[in-house]
Amino acid sequence: MEYGQFFDDAILRLKGERRYRVFAELERDAVTYPVARWHRSEEQAEDVVIWCSNDYLCMGAHPQVIAAMSDAATKHGVGAGGTRNISGTNHPLVQLEAELASLHDKPSALVFTSGWISNLAAISTVADLLPNCLILSDELNHNSMIEGIRRSKAQRKIFRHNDLAHLEELLAAAEPDQPKLIVFESLYSMNGDIAPIAAIADLADRYNAMTYMDEVHAVGLYGEHGGGIGERDGVMNRIDIIEGTLAKGFGTLGGYIAASESIIDAVRSYAPSFIFTTALPPAVAAAAHAAVRLLKDGKERRAQHQRQSMLTKHALSAAGLPVMHNSSHIVPVFVGDAELCKTATDMLLERHGIYIQPINYPTVPKGTERLRITPSPLHTDTHIVHLVESMVDVWESLKLPFVQDPKIVAFRREKEAEKEEARCTFPDFKKAAE
């Protein structure tokens, strides 16, 4: 039997469905970021501007975060040395957990090696420790949450995205004394929309359900101290388990949950993917700890991030590009076709030096493919102008539809007339310049 053919066929299926992913080799620079080096090949590299990083606040390049990691690596070495039970519970990691518990105003916190693992471990373990548990999951929950639900033995039902009436219908249909766990995100990263957290908490109170909220795309970015949407909306105390990541707003690596001491102790004691995994290294824990501390007092950085995000959104919309509007920092631009989405991003990279990764199925449903743009505090107004001009060029080249707002159409016609006038007035300008 030729086993390799099975794998070759699997890859061919992905390519046929236009779902095959190509990785761009990027070399980040802590000094010049968001400008980075794109390695086209072993012989050729050039500068590009990264517009899709999840290091939303650029804390991965913050001098104090880098110094904390460097100092800890020098002092403790680069590895954790074992699982949490076998020599891996290092002092910087314990300090980090205390800082995260404080951030979310919870008695305790537990750190994992990634946000994906924290959702997988926590959801499955909590649900299995609740007898005859019913999980109620938002239909747009992240893959890691879905895998956590699948891993558990609990009964599960899906409620329509952010649909409180449907959620209540499912809660009301359950047995009153059946343990229930509502699982949702505070901010959904592909659409950029925000959950009605207080209303979900009201339903949880009414039907005696526990709540589990993923704050992965909000921690560090929202709230007085960077505690996320829950802190911003004053509802952290109404959520039983808050899950977050250290790899996005905090710019490092790892995931965590914050909850009561009994919940944290139970997950610590029962979750196989926590028990049998090597602990986060002390250098990474120290860097994450520094980032969390810095962002507790990071109002200016958060404000600049929001400014650049809103400015980018407004500028793209003003140019007629199909921005999928929301109230968060996420800037999705609709394409609606997998092949065109990939072609658009290739053109942006090769023609304009702009790196944006195409978002295709299964990350989003087929027919809703998009570009997902994530401005940072370090993207300048000049970067934004270049992005808008470049995307307009790509949209025109690929004949992708613009938003047909009358004001936008008039504006675009005016700009085209100005270009034509300049071309007619200075027909030999380029030749003369050469």
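How exposed is Arg232: buried, partly exposed or exposed? Arg232 counts as partly exposed, because its relative accessible area is 42%, where buried means under 20% relative accessible area, exposed means over 50%, and partly exposed lies in between, with a 1.4 Å probe and protein chains only.

1. On the model. This is a predicted model, in which local features need pLDDT of at least 70 and side-chain atom pairs count only at pLDDT 80 or more, while totals for chains, interfaces and linings use all residues. Residues are numbered from 1 along each chain as its sequence is written, and side-chain values use heavy atoms, with hydrogens and water left out.

2. On the salt bridge of Arg232. The side chain of Arg232 meets that of Asp233 in a salt bridge, at 2.9 Å from N to O, where the term stands for a side-chain nitrogen of Lys or Arg within 4 Å of a carboxyl oxygen of Asp or Glu. Asp233 is partly exposed, because its relative accessible area is 37%. A search of the whole structure finds 17 salt bridges, and a network of them links Asp202, Asp205 and Arg238.

3. Glu147 counts as partly exposed because its relative accessibility is 23%, whereas Arg150, with a relative accessible area of 55%, is exposed.

4. On a salt bridge between two helices. The side chains of Arg206 and Glu168 form a salt bridge of 3.1 Å, N to O. Arg206 lies in helix α8 (residues 197–206) and Glu168 in helix α7 (residues 164–173), so this pair ties together parts that are 38 residues apart in sequence. Arg206 counts as exposed at 53% relative accessibility, while Glu168, at 25%, counts as partly exposed. Helix α7 also holds Ala173, which is exposed at 58% relative accessibility.

5. On the three-stranded sheet. An open sheet of three strands has the order β11-β14-β13, with antiparallel pairing. The edge strands are β11 (331–334) and β13 (358–359), each of which pairs on one side only; two strands are said to pair if DSSP finds at least two bridges between them. Four bridges join β11 to β14 (residues 370–373), with Val333 standing opposite Leu371 and Val331 standing opposite Ile373. On the other pairing, β13 and β14 are joined over two bridges, and Pro358 has Leu371 in β14 as its bridge partner.

6. On the side chains of β14. Arg370 and Arg372 point one way from the strand, Leu371 and Ile373 point the other way, and all of them are buried. A student looking at the model may wish to follow these residues along the strand.

7. On backbone details. Pro34 lies in the loop between β1 (26–28) and β2, and Pro362 lies in the loop between β13 and β14. A positive phi in a residue other than glycine is found at Cys58, near 60°, and at Asn208, near 55°.

8. On surface patches. Glu25, Glu27, Asp29, Glu42 and Glu43 gather in a patch of negative charge on the surface. Patches are made of residues with over 30% relative accessible area and no salt bridge, joining like charges within 9 Å and nonpolar side chains (Val, Leu, Ile, Met, Phe, Trp, Tyr) within 5 Å. Glu43 lies in the loop between β2 (35–39) and β3 (45–50), and at 70% relative accessibility this residue counts as exposed. Met1, Tyr3, Phe6 and Phe7 form a nonpolar patch, with about 580 Å² of accessible area together, as given by the Shrake-Rupley method with a 1.4 Å probe. Phe7 is found in helix α1 (residues 4–16).

Key:
Lys and Arg count as positive and Asp and Glu as negative; His and the chain ends are not counted. The place of a charge is taken as NZ of Lys, CZ of Arg, CG of Asp or CD of Glu.
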